[in-house]
Amino acid sequence: MGPREWLSMAFLAAASIIASVGVAIAYQVGPRRRSLPSILPMSEMAGLWGILIFAEVPSGTTITGIALIIAAGVLAVRR
């Protein structure tokens with residue numbers, strides 16, 4: 001890998017750490033029903049990155065899990 005790839009990896013690692021710490025702080029400070037919608041897109045983006053970058057094909061279990069995560073988010077926001 002060249003310097004450009006290492007810089008990209010360092011940037012993505014820093015962004016990932018900042019996002020993870022931000023989510024942890026959000027869960028500590030605020031009510032969970034308001035914090036939940038911030039973590040749900042992270043789960044779905046992980047699946048999307050797997051499809052786009054690593055050419056993974058999601059299984060039926062994965063698709064079911066994503067549907068349940070979306071349903072839980074909708075229920076949490078509606079309450």
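I began with the lining of the largest pocket and sorted its residues by class: eight are nonpolar, two polar and none charged. For these classes I counted Ala, Val, Leu, Ile, Met, Phe, Trp, Tyr, Cys and Pro as nonpolar, Asp, Glu, Lys and Arg as charged, and the others, Gly among them, as polar.

I noted the terms of the model next. It is predicted, so local features need pLDDT of at least 70 and side-chain atom pairs pLDDT 80 or more, while totals for chains, interfaces and linings use all residues. Residues are numbered from 1 along each chain as its sequence is written, and side-chain values use heavy atoms, with hydrogens and water left out.

I then listed the pocket lining: Leu-12, Ser-16, Ala-19, Ser-20, Met-42, Met-45, Ala-46, Trp-49, Ile-53 and Phe-54. Helix H1 (3-29) and H2 are the elements that give two or more residues to this lining. H2 has the largest share, six residues. I put down a volume of about 230 Å³ for the largest pocket. (A pocket is an open set of points on a 1 Å grid over the protein atoms alone, where a 1.4 Å probe fits, with protein on both sides within 12 Å along at least five of seven lines; lining residues have an atom within 4 Å of a point. Points are joined across faces, edges and corners, and the volume is the space filled by probe spheres set on them.)

I looked up the fold and found three helices and zero strands, in the order α-α-α. (Both are DSSP runs numbered from the N terminus: helices are H or I with at least four residues, strands E with at least two.)

I checked burial: 8% of the 79 residues count as buried. (Buried is under 20% relative accessible area, exposed over 50%, partly exposed in between, with a 1.4 Å probe and protein chains only.)

I turned to Leu-52 in helix H2 (residues 32-54). Leu-52 counts as exposed at 58% relative accessibility. Leu-52 is also one of the residues of a nonpolar surface patch of about 720 Å², together with Met-45, Leu-48, Trp-49, Ile-51, Ile-53 and Phe-54. (Patch residues have over 30% relative accessible area and no salt bridge; nonpolar side chains are joined within 5 Å, like charges within 9 Å. A salt bridge is a side-chain nitrogen of Lys or Arg within 4 Å of a carboxyl oxygen of Asp or Glu. Areas are Shrake-Rupley values with a 1.4 Å probe.)

I found Ala-55 in the loop between H2 and H3, with a positive phi of about 55° although it is not a glycine.
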